[in-house]
Amino acid sequence: MTADFDSVLMSKHRLRSGMVAATSAIWTVLASSATALEVRVAPDRPRLGDTLSVMVRTDDPDLPHPTVSVNGRTYETFLVGTNRYRAFLPTTPLEAPGTRTLQVSGDGAVETVSVVVSDRSFPIQEIWLSPETNAIEGTDYEFDLVDAFKQLVSPERLWTGPFRPPSDGPVTTVYGVRRYYNGEWAENYYHRGIDYAAPAGAPVLAAARGRVALVGRESQGFELHGNTVGLDHGQGVTTIYLHLSRIDVREGQLVEAGQPIGAVGSTGISTGPHLHWGLYVRGESVDPLPWQSLGLK
Ligand SMILES: [Zn+2]
């Protein structure tokens, strides 16, 4: 099952750039012209945290890839078939629910598509940290490397099919949890991934095929994240694995889905052995569950 072409056609308006479709006569001409764009967005009823899959079909294979603009940000699309392109767009728990207006440009045309992203209630936790733990802020070194890693957009798609759980352990904290820290609401915080409980030393597996694009060690300044591995799956999709006791891969290495890449630990800021696993799309942490169940491809 795929999430790509199962959705309803969401195209609402067809406008040639620089022209106005003022009458139905013009409309007909435009709709039957050789430069129409067809846009489909999945899933049908997205909620905050979901990844939007935007599929674009053009009539001319020789033009540059279409782009998708939303909220002042422009995303390039990637070729997925003959005259077919796709961009994944993130949504997060920090955004307001409601209508997004997507502008799809390509093939000399601009297509405007409205997508309603509905609200979703995320669990809320109260966390109390000791003053010593609360004072640890992490290092510029680790944040610079992690931020650069999350922004990777490599053109080649390395993964196929659904992502697999990176650990056999039970899930202890789900995606999107909001928190009070020491009684104070953490405005910009949400749990950017899934926590799996597993004993120290248990294997950590690559969730999908990808290239090792980040290796960070506590001993070299990864105070907060602990020993860390980041995988680049291509086309703006990355996964990150934190608090490891051991790292079994090196940067640049290609790993297969399910391949051991390290071991569960409690390095960095961690209350006990567990794996924190995050999935990022274009730099934003999205809910990994649809990637595990549907296999956005
Ligand atoms: Zn976590």
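Guide: With contacts: two residues are in contact if their C-beta atoms, placed from the backbone, lie within 7 Å. This is a predicted model. Take His276, which lies in strand β22. Leaving aside neighbours within four places in sequence, His276 is in contact with Gly193, Asp195, Leu242 and His243.

Visitor: Is His276 buried or exposed?

Guide: A residue is buried if 20 or more other C-beta atoms lie within 10 Å of its own, and exposed if 12 or fewer do. His276 has 22 C-beta neighbours inside 10 Å, so it counts as buried. As for C-alpha distances, His276 and Leu244 are separated by 9.0 Å while being 32 residues apart along the chain.

Visitor: What percentage of the chain counts as buried?

Guide: Of the 297 residues, 38% count as buried. The chain has 4 helices and 23 strands. Among contacts with a separation of 6 or more, 70% are between residues 24 or more positions apart.

Visitor: How should I treat confidence, and where does pLDDT stay under 50?

Guide: Look at the average and then at the stretches. The chain averages a pLDDT of 87, and 87% of the residues score at least 70. Over residues 1-34, pLDDT stays under 50, and the model has 53 contacts beyond four places in sequence for that stretch.

Visitor: Let us turn to a helix. Which residues of α3 are buried?

Guide: Helix α3 spans residues 140-150, and its buried residues are Glu142, Leu145, Val146 and Lys150. Seen down the axis of α3, these buried residues fall within an arc of 130 degrees, so they line one face of the helix. On the other side of α3 are the exposed residues Asp140, Asp144, Asp147 and Ala148.

Visitor: What covers the buried residues of α3?

Guide: The cover includes strands β16 (210-216), β18 (237-244) and β22 (274-281).

Visitor: Now sheets. What is the order of the open sheet of 4 strands?

Guide: The general idea is that strands of a sheet pair through backbone hydrogen bonds, either parallel or antiparallel. Here the order is β2-β3-β7-β6, with antiparallel pairing. β2 (38-42) and β6 (78-81) stand at the edges with a single partner strand each, so one side of each is left without a neighbour in the sheet. From one strand to the next, the twist averages 30 degrees.

Visitor: How many bridges does β2 form with β3, and β6 with β7?

Guide: β2 pairs with β3 (residues 51-57) over 5 bridges in the antiparallel sense. In that pairing Ala42 stands opposite Ser53 in β3. β6 and β7 (residues 84-90) pair over 3 bridges, also in the antiparallel sense. Leu79 has Tyr85 in β7 as its bridge partner.

Visitor: How many residues lie between β6 and β7 in their hairpin?

Guide: There are 2 residues between them, and Asn83 in the turn has a positive phi of about 60 degrees.

Visitor: What is the pairing in the open sheet of 3 strands?

Guide: The pairing is mixed, and the order is β10-β12-β13. β10 (124-127) and β13 (184-185) are the edge strands, each with a single partner, so one side of each has no neighbour in the sheet. β10 and β12 (residues 178-181) run parallel and are joined by 4 bridges. Ile127 stands opposite Tyr181 in β12.

Visitor: Finally, buried positions in strands. Why does Val104 count as buried?

Guide: Val104 counts as buried because 27 C-beta neighbours lie inside 10 Å. Val104 is found in strand β8 (residues 98-106). Beyond four places in sequence, its contacts are Leu37, Val39, Val56, Pro66, Val68, Glu111 and Val113.

Technical notes:
Residues are numbered from 1 along each chain as its sequence is written. This is a predicted model: local features need pLDDT of at least 70, side-chain atom pairs count only at pLDDT 80 or more; totals for chains, interfaces and linings use all residues. The arc is that of the directions from the helix axis to the C-beta atoms. Two strands pair if DSSP finds at least two bridges between them. Axes are lines fitted to C-alpha atoms, for helices over the stretch in contact, and angles run from 0 to 180 degrees between N-to-C directions. pLDDT is the predictor's confidence in each residue, from 0 to 100.
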